[in-house]
Amino acid sequence: MQAQIKLGRLFGIRIGLHYSWLIIAILIAFSLVEQFATVHRDWSRGMIWGTAILTAVLFFVSIVLHELGHSVVAQSRGIRVPSIVLFALGGISQMEKESPDAKTEFWMAFAGPLVSMAIGVFCLGLARTLGWGGMSSASNPVAAMLGWLGYINFMLAIFNLIPGYPLDGGRVFRAVVWWITGNMERSTRTAAVVGQGFAFIFIFVGLWRFFHGAGFAGLWIAFIGWFLLDASRSSYAQVELLHVLRGVKVRDVMDRDCTPVDASLTLQSLVDEHSLPTGRRCFVVQKNGYLAGLITTADIGRIGRERWPVTTVEEAMKPLRQLHTVSPDSPVAQALDTMARENVNQLPVVTDGHLEGTLSRTHLLQVLRNRAELRA
């Protein structure tokens, strides 16, 4: 998942927002306005809105801290975390690779709920000190805000500890099974099946509550269940894919039928002689026999059509320094991780600056389909 709004860096990790976060942030702010207006009838309208918006912002700060808990542990174990993205259902730490062992997986997964629990204790303790007496008690805005934050962080920690993969609790469960069996793939399959079971429970309970008068709250529970079901199935499919690709190198599946284009070619010639006749959307660019860059139809489209006859491929391409490349001896699973992390559909396969071929999602899916059919 890619961030559309960049917020900055913490501990060297990029923090960003997905557009879906804005929807849930607005919903939370409005629900807080309704709650504060009901409980604190002596507050002015401005105080209600101000407290609700600040509380919503601090809630998402606590989610960032929750994700940082995962990320700091991961980085301490040698796993780089390029970014954290907040989206509609919380946050996700985008790690470069999976945990190398059960112990690392356990502490990485458990760190997030532990941070949320610590935030909950701190906020509730401070709220009590300021005179907060409970969710329905009258109190000053700061105490009410801290009380709500403490309560919701406790709920966040408890929810995440549900043993439904890929929730944190599901990852903790996977780590325990992994430690017992010594088999990461088997533990992931087990955790994914348990996660799907919890997902169906969420969907059933949510729909039951909806048809018995709970309204949006029931649909929200069902939606969380649907999300968990989809995530569990995707995780299971990923494990199966990694099983199929175990031991497979990039050189075994890369596309060698890759005709490079010269950097001096004009965009008009590239379109007329290469793109339109072949239907290709991506071309590797060579200069003096070495890989110089990559150009796609999207890059061409950013140049005005009237300039195509006078603009060279070299001027419009993504230069080599901006490309993510892979070597022929790299594991295919590692290349797929790079594609997903960097949101690219193809990787040039390069040895000492010379192009060996390309690895694309489309070609890889075709290879996997052929292998599955022949194996059947």
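A crossing of two helices is called left-handed if the near helix is turned anticlockwise from the far one by less than a right angle, and right-handed if clockwise. In the predicted model examined here, helix H3 (residues 102-129) passes H5 in a left-handed crossing. The axes of H3 and H5 lie 8 Å apart, at an angle of about 160 degrees. Because angles over 145 degrees count as roughly antiparallel, H3 is described as roughly antiparallel to H5. On the H3 side, the contact is formed by Ala102, Glu105, Phe106, Ala109, Phe110, Gly112 and Pro113. H5 contributes Asp168, Arg171, Val172, Arg174, Ala175, Trp178 and Trp179.

The contact of H5 with H6 is made up of 6 nonpolar, 5 polar and 2 charged residues. An α-helix has 3.6 residues a turn, so residues three or four places apart point the same way.

An open sheet is built from 4 strands in the order E5-E6-E7-E8, with mixed pairing. Its edges are strand E5 (261-262) and strand E8 (318-319), each of which pairs on one side only. Strand E5 runs in the parallel sense to strand E6 (residues 282-287), and the two are joined over 2 bridges. Within this pair, Asp262 is placed opposite Gln286 of E6. Helix H9 (residues 267-278) packs on the sheet, where it touches E5, E6 and strand E7 (290-296). The direction of H9 makes about 135 degrees with that of E6.

Helix H2 (residues 45-76) has 32 residues, and at 1.5 Å a residue it should therefore span 46 Å. The C-alpha atoms at its ends are 46 Å apart, in agreement with that expectation. After H2 comes Gly78, which has a positive phi, near 85 degrees.

Note on methods. Residues numbered from 1 in each chain as written. Predicted model: local features only at pLDDT ≥ 70, side-chain atom pairs only at ≥ 80, totals over all residues. Heavy atoms only, no water. Nonpolar A, V, L, I, M, F, W, Y, C, P; charged D, E, K, R; others polar. Axes fitted to C-alpha atoms, helices over the stretch in contact; angles between N-to-C directions. Parallel < 35°, antiparallel > 145°, perpendicular 65-115°, else oblique. Contact = heavy atoms within 4.5 Å. Pairing = 2+ DSSP bridges. Expected span 1.5 Å × (residues − 1).
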